[in-house]
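Here is a short briefing on one protein model. Look at the picture, then read the points below.

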Amino acid sequence: MPGTPRVLRAMNDRAALDLLAAHGPLTRTRIGELTGLSKPTTSQLLSRLESAGLVRTTGRQSGRPGPNAVLYEIDPAVGHVAALSADPTGITALVSDITGREVGRRRIEADSVSEDVRHRTAQLVVEAVDGALAKAGLGHHDLRATVIGTPGAIDPHSGQLRYAPHLPGWHSRTLRAELAEVLGTPVTIENDVNLAAIAEQYEGAAQDNDNFVLVWLDEGVGAAIVLGGVLLRGATGGAGEIGYMPVPGAPLLRGGPDSTPEEYRGGFESLVSGAVVRERAGGRSLTEALAEPAARDELAGHIATGLAAVVAVVDPELVVLSGQVAQAGGEELRLRVKEEMTGLALPRPHLRISELDGDPILTGALRTALTQARDTVFDTA
């Protein structure tokens, strides 16, 4: 079949590049062992990738019998990506090279509901990205992909952000196109909880599970549902918006996805969000509030009630609790939620607390951006 040798070479190239991205510097022998390719084929492959500027040598492996073997690594200069996390108080931008190594970061503080802010959202995003690029001595031309995490979700049909009335500046249908034009790179705007789930898949509590639910318990409340290793998005991008879910003990939420923030006063979020936990504790911190057994037990009961509804429908292998509330409650909260779920739903998934360091939304945005960029940069066909 014409073209088959070229396709096979491209597949072998990609396999080697993915191994180098995952493991770091490797010898020719080790690359051959991991790919199953012969020594001559591996040598040709590495020569081809060096000529293409994708791979470079980086010293020699020492400490083993015989001659020191040359180490190969991906040339980090072949491309960079930007990952951003937007929240009601500002935007954080991170820039990394194609290997995932962070080279710059910038935080822009901005009140999302301010009249001034809502009309210059694109400008703020660019300012954050430019600040991160400047710290690395880079420009827009160095970027291969940009991924932004926000509360809410982009409707695949209208292109508008939904389920996030507290981020009015992000609701423009043309925002993504405006950003792509200014930044000179493809731009993806993704639900923040979905990105947190990707982070858990990549390096967190869900690495060994293809069917799981991540429940985000923070100032906002939501979920990401992963079935067969694939994120469930729904018809309008709103799958997992459990903050609005009717549960016992919470006022029914009558607003719609385009309502004002003041109209959202009910549902699951009104029982388990960070603001509610602090309010019940008289303004104390989440850690102080959840150190009280009574407060922890009350919260665990509410969380278990909401989880029971999700579990009864989705039947996941695992539920991961993430966000500031889950972190503050820790293992004691997890155990109480597990106890409270007994008998509420027939499926009994494993229950874990996220142990990721840093911002999981940024981590998920970075992993998504790297996947997109590598699909382009690593394609030698």
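Is Gly-323 buried or exposed? Gly-323 counts as buried, at 7% relative accessibility. Buried means under 20% relative accessible area, exposed means over 50%, and partly exposed lies in between (1.4 Å probe, protein chains only).

This is a predicted model: local features need pLDDT of at least 70, side-chain atom pairs count only at pLDDT 80 or more, and totals for chains, interfaces and linings use all residues. Residues are numbered from 1 along each chain as its sequence is written, and side-chain values use heavy atoms, without hydrogens and water.

**Around Gly-323**
- Gly-323 sits in the loop between β14 (318-322) and α12 (324-341).
- Ser-354 is 31 residues away from Gly-323 along the chain, yet their C-alpha atoms are separated by 8.1 Å.

**A nonpolar surface patch**
- Val-7, Leu-8 and Met-11 make a nonpolar surface patch of about 290 Å².
- Leu-8 belongs to helix α1 (residues 4-23).
- Leu-8 is partly exposed, with a relative accessible area of 45%.

**Cavities**
- The model has two cavities of 30 Å³ or more.
- A cavity is a set of points on a 1 Å grid where a 1.4 Å probe fits but cannot get out; lining residues have an atom within 4 Å of a point.
- The second largest cavity has a volume of about 40 Å³.
- Its lining includes Ile-154, Trp-170 and Arg-173.

Notes. 1 Å grid on protein atoms, 1.4 Å probe; cavity = no way out; pocket = protein on both sides within 12 Å on 5 of 7 lines; lining within 4 Å. Points joined across faces, edges and corners; volume = space filled by probe spheres on them. Patch = residues over 30% accessible without salt bridge, like charges linked within 9 Å, V, L, I, M, F, W, Y side chains within 5 Å. Areas by Shrake-Rupley, 256 points an atom, 1.4 Å probe, with all protein chains shown as cover. Salt bridge = Lys/Arg side-chain N within 4 Å of Asp/Glu carboxyl O. Helix = DSSP H or I, 4+ residues; strand = E, 2+ residues; numbered from the N terminus.
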